[in-house]
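Good morning, and thank you for coming. Please look at the sequence and the model on the screen while I speak.

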Amino acid sequence: MRLKTLLLIVLVFVTAHGAAALEYVMVATQNTCLLFKVSGKKRLEQLYFGEKLKNAEELKMVNLPTSAAYSTFGTDHTFEAALRAVQLDGNTSTELVYVSSRTEKKSDNLVQTIVSLKDAYYALNVDMYFNAYQKEDVIEQWSVITNNQTKNVTLHNFASSDLSFSASSYYVTQFCGTWADEMNMKEQRLTEGIKIIDSKLGVRTNQFTHPCFLLSLGQEARENDGKVIGGTLAWPGSFQFCFEVDPYKNLRVLSGMNPYASTYTLEKGKSLKTPALLYTYSDAGTGLVSRRFHTWARQYGLKNGNGERSILLNNWEATYFDFDEPKLTQIIDDAAKMGFELFLLDDGWFGNKYPRNDDDAGLGDWQTNTKKLPNGIPYLINECHKRGLKFGIWVEPEMVNPKSELYEKHPDWIITQPNREMLTQRNQLLLDLSNPKVQEFVYNSIDKILTDNPGIDYVKWDCNRYITNSGSQYLPAAKQSHLWIDNAAAILAVMEKVAAKYPKVCFMECSGGGGRMDYGSMKYFDEFWISDNGDPLQRLFTQWGGQYFFPAIGMASHVSVSPNHISGRSTPLKFRFDIAMAAKLGMDLQPVQMTETDKEFSKNAIQTYKDIRSTVLLGDLYRILSPYEHNRTAYMYVSADKKDAVLFNFLVRKRIYPDNENVVLKGLDPQKHYTVREINRESYNNRSRFSEYEGKTFSGDYLMAVGLTFSMQNEYESVVIRIREE
Ligand code: GLA
């Protein structure tokens, strides 16, 4: 639909029949429509959410069932409420009525609608915001709750969105795990009552659960068909998704900051802005959900989402804390010779009184360790730059070891409860970011590292623990429960400030692996670290899960040493390279640990990656075989012009007989002709698994109807195919 027409519809309009004029508000993208109606009692109700109809007017012809657009705790206690507030006089109810709505075209692609609601009696306002991204079919929804009363209002629940659904059945997929085992997918059918997906960790909130869900209507989620909603909360703090099915099979989904233990006092004249829920409605399965999120994220969700990415060598798994200048210089030299583009110096470079020689000391003391690095960071930057490599550095600015000068100076800066044992994780404590002085310290730490050492091209920002003992030494007693929200809001503010000052520096978001992956913080980062576990077999699942919401261009994936340090598993170098090349390639394995043959293979693979990089990082993802359901997993990336594609195949489970599963390609142009060639090739008895096809040309039509059939048999076998219009 043309934007002009759309805006006309979005504007409130009046029905032809009935004395009382009904008002409607529509939020629409190219293919989706979310329609609200103002009821006789001036309540805002959700009337419809789904595919865009040719004639939206038809939605108003009969009295379709509706549900509250932003439910409140009050007279009806049937459901969990989006908003539960205690008014200035102690009244525990809220009744919101519709005031007005306005729509503004922010750009060719972005239409913003704001719906204003107000309590029928009290001066408590709620503005519901909707950013409708037209091309990507993504809606971004949040609320702003404002206290215009003469005294404080207490907020107990403050959801960002309150979406309703009506279907014969509901299936929810969550993304969960733990350290080194992130992003596992679990689907379940919802029954009457409540299912909550949440995190209460405050910081590093995704250690056990990611702020993402898939909701499938009427059947289990499928890749290529079916009605599916994908939702993700843009918030690094504790979050909650609450799915509630009533006895009549209606479903409501509340999404937002976790209200658990987070009672918020809203002072007079103040507002609370909730984080945004990003969601998309697909009537063509989960594949479309992912492609929409990827396109959206590259444009709006990641820093430099369509920019360039460098192939990096990280010293972490090779040296851990045990390095010095000559050792690093050797690594830098090897990296340049092998075709890497960036060297990343990980943990262990700082601290003098308490040198960071292990994870038990030095965090917080961001001064270069003069024993390990007598010539400082500038020396290493220069060693990199003169070889044409960029230089990156690791920081963990929100944390402190009790064994540090920072802690000696500021024991009052940490999150802890009085009269309780001080609880560490990985020997460290959290700095209390609700304290403005601490915010300043965190910002200044990074700023100083970057200004003292000009030429740093890349920063890995880590965060290795979550909140326990949730007390703030800064907040007053009555506002201790603000810590959860204030701390998360403060870290976002610091990240924003850093990203604004250093737009050209590439930032990687890391949290002991994938403990912080959300679109609230990700817009200040170019890439993210999805897991510390570089075991390629495990990675098949972690990256598979991660891809549902996050694009390959952000997903750093490194080749590790074999046997793997975490799993102990031994795997071929090719298998490790192939899975890392299915995302943003890097390496933790060091050239000195390699045989000449392995070095040669790696050099070639790095060169090959440079050729396919733009297709993998910027292409459209098509999932073909799931590792959860098949012995082989397969997926492919197709460039926007459909001239180039890369197909990845990995054997997940070795069986006694070869796996001959047919791989039917997707996303190609049926009219084009493509030549297929194996890359990162390995021979089995002097033959490639793919030799039957090698170098032959097929139509897109054939590849998407008949597909490719070749066997895979050995443990940890992978086959990567380049499909190119030539
Ligand atoms: C975390 C990160 C790792 C590494 C270490 C350093 O665990 O996830 O990649 O940087 O910290 O201490």
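Trp316 counts as buried, because its relative accessibility is 17%; buried means under 20% relative accessible area, exposed means over 50%, and partly exposed lies in between, computed with a 1.4 Å probe and protein chains only. Tyr320, at 30% relative accessibility, therefore counts as partly exposed.

Please keep in mind that this is a predicted model, in which local features need pLDDT of at least 70, side-chain atom pairs count only at pLDDT 80 or more, and totals for chains, interfaces and linings use all residues. Residues are numbered from 1 along each chain as its sequence is written, and side-chain values use heavy atoms, with hydrogens and water left out.

Let us turn to aromatic pairs. Rings of Phe, Tyr and Trp (its six-membered ring) pair if their centres lie within 6.5 Å; planes under 30 degrees apart count as stacked, over 60 as edge-to-face, and the rest as tilted. The count by this rule is 45 aromatic pairs. How are the rings of Phe175 and Phe549 arranged? Their centres are 5.6 Å apart and their planes stand at 85°, so this pair is edge-to-face. Phe175 belongs to strand S12 (residues 170–178), while Phe549 is in the loop between helix H9 (536–546) and strand S30 (555–559), so the pair ties together parts that are 374 residues apart in sequence. Helices (H or I, at least four residues) and strands (E, at least two) are DSSP runs, numbered from the N terminus. Phe175 is buried, at 0% relative accessibility, and Phe549 is buried too, at 1%.

The pair of Trp316 and Tyr320 is edge-to-face as well, because the ring centres are 4.9 Å apart and the planes are at 80°.

Ring pairs also link a cluster, with Phe175, Phe549, Trp544 and Tyr716 among its members.

Finally, the ligand. Which residues come nearest to the ligand? Of the 13 residues around the ligand, these are Asp346, Asp347, Lys460, Asp462 and Asp532, where a residue is near if one of its heavy atoms lies within 4 Å. A polar side-chain atom of Lys460 is 2.7 Å from a ligand oxygen atom, and for a polar side-chain atom of Asp462 the distance to a ligand oxygen atom is 2.9 Å. The protein covers 96% of the 300 Å² of accessible area that the ligand has on its own, with areas from the Shrake-Rupley method and a 1.4 Å probe.

Definitions and conventions
Polar contact = N/O pair within 3.5 Å; in protein donor to acceptor, adjacent residues only side chain to side chain.
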